Amino acid sequence: MKVFVTGVNGQLGHDVMNELTKRGYEGVGSDITDCYGGVADGSAVTTMPFVSLDITDEAVVKKVISDIRPDAVIHCAAWTAVDLAEDDDKVDKVRAINAGGTQNIADVCKELDCKMTYISTDYVFDGQGEKPWEPDCKDYKPLNVYGQTKLEGELAVANTLDKYFIVRIAWVFGLNGKNFIKTMLNVGKTHDTVRVVNDQIGTPTYTLDLARLLVDMNETEKYGYYHATNEGGYISWYDFTVEIYKQAGLDTKVVPVTTKEYGLSKAARPFNSRLDKTKLVESGFMPLPTWQDALSRYLVEIGEKKKNA
C-alpha cells in the first residue's frame, strides 16, 4: 500500500509516517515547507520521500497526488491555531486551508479512486450538554471559525467521496510540535501555582496511538465517521494537569477555575468535548490505550520521566 500523508511537520503526520514504515508500507510525506521541518530523530519521516505542497493550490495538488498515485491519502494538514483563526484578516486563509485545501485533495482522490482519511475535531459541535457526541451525529453548531472550517472540510470529503474515513479527535499531543502537556510542564517548572479550567470536559489523544489506528483503518474498507481519543474516562483540563504533574514528579499546585474566570481565549471553546467511541469497537478496531498510560509513555519519550517510573 502506498500512502500520501499531508502535514508531516505536525504531531500526527509525523507519527503516521513512522507507523507506515513499521508496517512496511510506502509513505510519501508532504507539507507546505520546502523540506521536512520537524523533529530530526532519525525516524522514518526524515528519510522517506517528501514533497512540498500548498494544499490551497488546486492545480499543484492535482499534479502532485496524480503523479504519486497513492492507494490512500491521510490528510493531517490543517490550520489549527484556534484563537488566531478569529482574526478578520485570517478567516479567508483558514477557510482556504481547512475547507478549500481539503476539497482539492478529495477531488483528486475521487479521480484516482483512492481512499481518503480526514482528521476532524470535536469543535464541529457546539460543546453543550454532557452527553457524548456520537460520530454519526449531524447536529453541527461550531462555536468558532476553526470549528466551522473543519466542518466544511468534513462536508467536502463526505459529499465528494464514498471511500473515506472522517476521524474526529480532541486534545492532541505528540512528539513533533507544541501541545498542552509541553506547555504545562514548562509552566510548572517556573511557577509554584497554575490556574487551569475545570469546566471543559473531554479526553486526550496521543498521536502515536492514533497513528496506529489510522493505518489499521486504511487496511480495511470500513468507511465512515469515527471518533478516536484515548480511553480512560472523561476529564477536565484541570484533571489532566494534575496527572501530568503527578507523573512528571512536579509539586506545582494546580488551582481549578471556570472558563469565565480564566478568560484570555479569543475563540469560544466547547464545554462538552466528550466523544462516543463505541463505533470503533463495533467496527472491529482496537480502542486506543488509556490516556493515563499514553501520558506515561509520552513523558518517557520526551525525557520528562524515567521508564517504568
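**Exercise 1. Strand pairing around strand 2**

Which residue is the bridge partner of Lys 2 in strand 2?

*Solution.* Glu 26, in strand 2, is the bridge partner of Lys 2. The model is predicted: local features need pLDDT of at least 70, side-chain atom pairs count only at pLDDT 80 or more, and totals for chains, interfaces and linings use all residues. Residues are numbered from 1 along each chain as its sequence is written, and side-chain values use heavy atoms, with hydrogens and water left out.

Step 1. Helices (H or I, at least four residues) and strands (E, at least two) are DSSP runs, numbered from the N terminus. Two strands pair if DSSP finds at least two bridges between them.

Step 2. Take strand 1 (residues 2–6) and strand 2 (residues 26–31). They pair in the parallel sense over 5 bridges. Thr 6 stands opposite Ser 30 of strand 2.

Step 3. Turn to strand 3. Strand 2 pairs with strand 3 in the parallel sense, over 3 bridges. Here Gly 29 has Phe 50 of strand 3 as its bridge partner.

Step 4. Strand 1, helix 1 (residues 11–22) and strand 2 make a right-handed β-α-β unit. Right-handed means that, with the strands pointing away from the viewer, the path from the first strand over the helix to the second runs clockwise.

**Exercise 2. The whole sheet**

In what order do the 7 strands of the open sheet stand?

*Solution.* Step 1. The order is 3-2-1-4-5-6-11, with parallel pairing. Strand 3 (50–52) and strand 11 (224–227) are at the edges; each has a single partner strand, so one side of each lacks a neighbour in the sheet.

Step 1. Neighbouring strands are turned by 20° against each other on average, direction ignored. Axes are lines fitted to C-alpha atoms, for helices over the stretch in contact; angles run from 0 to 180 degrees between N-to-C directions.

Step 2. Place the helices. Helix 2 (residues 58–68) packs on the sheet and touches strand 1, strand 2, strand 3 and strand 4 (72–75). Its direction makes about 155° with that of strand 1. Helix 4 (residues 145–160) also packs on the sheet, touching strand 5 (115–121), strand 6 (164–169) and strand 11. Helix 4 makes about 160° with the direction of strand 5.

**Exercise 3. Helix 7 against helix 10**

At what angle do the axes of helix 7 and helix 10 cross?

*Solution.* Step 1. The axes cross at roughly 45° and come within 10 Å.

Step 1. Helix 7 and helix 10 are therefore oblique to each other. Angles under 35 degrees count as roughly parallel, over 145 as roughly antiparallel, 65 to 115 as roughly perpendicular and the rest as oblique.

Step 2. List the contact (heavy atoms within 4.5 Å). Helix 7 contributes Phe 240, Glu 243, Ile 244, Gln 247 and Ala 248. Helix 10 contributes Trp 291, Gln 292, Leu 295, Ser 296 and Leu 299.

Step 3. Among the buried residues of helix 10 (residues 291–301) are Ala 294 and Tyr 298. Gly 303 follows helix 10, with a positive phi near 75°.

Definitions and conventions
Buried < 20%, exposed > 50% of the residue type's maximum accessible area, 1.4 Å probe, protein only.
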